[in-house]
Amino acid sequence: MNKENFNTKVTIILLWITMLLNMIFADIFSIIVEIVNGGVLDIPLDVLKMMAIAAVITNIPILMIVLTWVLPFKINKWLNIIAAILTVVYIIGGAAFLPHYYIIASIEIVLLISIITIAIKWKSSTLKIMI
């Protein structure tokens, strides 16, 4: 792996790690708000189905941290683009109407757009020999 490819992988991985931390803190802050306000979390759908969906979605950044490091270039590039788009849809679709969520969701979307942009511009570092 050449230096440019290494740097691209590390950059994308760091963006996914930052994304994951933001997702975790958004949930923690939302739970704190509900506890302090004495309310109950308003979870759409059946709680078991919603938690299953959340388990899948929250595993996207976790898996992308590892997969970005180990997958070959072409699959890596497209999987990062697809995973980031799916995560943006989840963030927008699951929006909570709370000030901290607007801030964190905005940061998450910027991170994901950065991942998409880097992945789109990412070029294979493999030297091709013409015969």
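The bend at a residue is the angle between axes fitted to the seven residues ending there and the seven starting there. The legends below apply this term and others to a predicted model, in which local features need pLDDT of at least 70, side-chain atom pairs count only at pLDDT 80 or more, and totals for chains, interfaces and linings use all residues. Residues are numbered from 1 along each chain as its sequence is written, and side-chain values use heavy atoms, with hydrogens and water left out.

**Figure 1. The protein chain comprises four helices and zero strands.** Helices (H or I, at least four residues) and strands (E, at least two) are DSSP runs, numbered from the N terminus. Read from the N terminus, the order of elements is α-α-α-α. Along the principal axes, the C-alpha atoms of the protein chain occupy a box of roughly 70 × 25 × 20 Å. Of the 131 residues, 31% are buried; buried means under 20% relative accessible area, exposed over 50%, and partly exposed in between, with a 1.4 Å probe and protein chains only. A contact requires heavy atoms within 4.5 Å. Among contacts between residues at least 6 apart in sequence, 77% join residues at least 24 apart.

**Figure 2. Helix α2 bends by about 30° at Ile 60.** A proline, Pro 61, follows the bend within four residues. The expected span of a helix is 1.5 Å times one less than its number of residues. For the 24 residues of α2 this gives 34 Å, and the end C-alpha atoms are 34 Å apart, which agrees. Ile 60 and Pro 61 both belong to the buried residues of α2, together with Met 50, Ala 54, Ile 57, Met 64 and Thr 68. The cover over the buried residues of α2 includes α1 and α3. An α-helix has 3.6 residues a turn, so residues three or four places apart point the same way.

**Figure 3. The largest nonpolar core has 21 residues.** Such a core is a set of buried Ala, Val, Leu, Ile, Met, Phe, Trp, Tyr and Cys residues joined through side-chain atoms within 4.5 Å. Trp 16, Met 19, Ile 60, Ala 84, Ile 91, Leu 112 and Ile 115 have the most contacts inside this core. Two or more residues come from each of α1 (3–37), α2 (47–70), α3 (73–93) and α4 (99–121). Helix α4 gives the largest share, seven residues. Apart from residues up to four places away in sequence, Met 19 touches Thr 87, Ile 91, Glu 108, Leu 111 and Leu 112.

**Figure 4. Glu 108 lies in helix α4.** Its relative accessibility is 2%, so Glu 108 counts as buried. Beyond its neighbours within four places in sequence, Glu 108 is in contact with Met 19, Asn 22, Met 23 and Ile 91. The other buried residues of α4 include His 100, Tyr 101, Ile 104 and Ala 105. Helices α1 and α3 are among the elements that cover the buried residues of α4. Helix α4 has 23 residues and reaches 33 Å from its first C-alpha to its last, close to the 33 Å expected at 1.5 Å a residue. Glu 108 and Ser 124 are 16 residues apart in sequence, and their C-alpha atoms are 27 Å apart in space.

**Figure 5. Phe 73 is placed in helix α3.** With a relative accessible area of 24%, Phe 73 is partly exposed. Residues up to four places away in sequence not counted, Phe 73 touches Trp 122, Lys 123 and Ser 124. From C-alpha to C-alpha, Phe 73 is 10.0 Å from Ala 119, although the two are 46 residues apart in sequence.

**Figure 6. Ile 13 is placed in helix α1.** Ile 13 counts as buried because its relative accessibility is 11%. Ile 13 and Leu 67 are 54 residues apart along the chain, with their C-alpha atoms separated by 9.1 Å.
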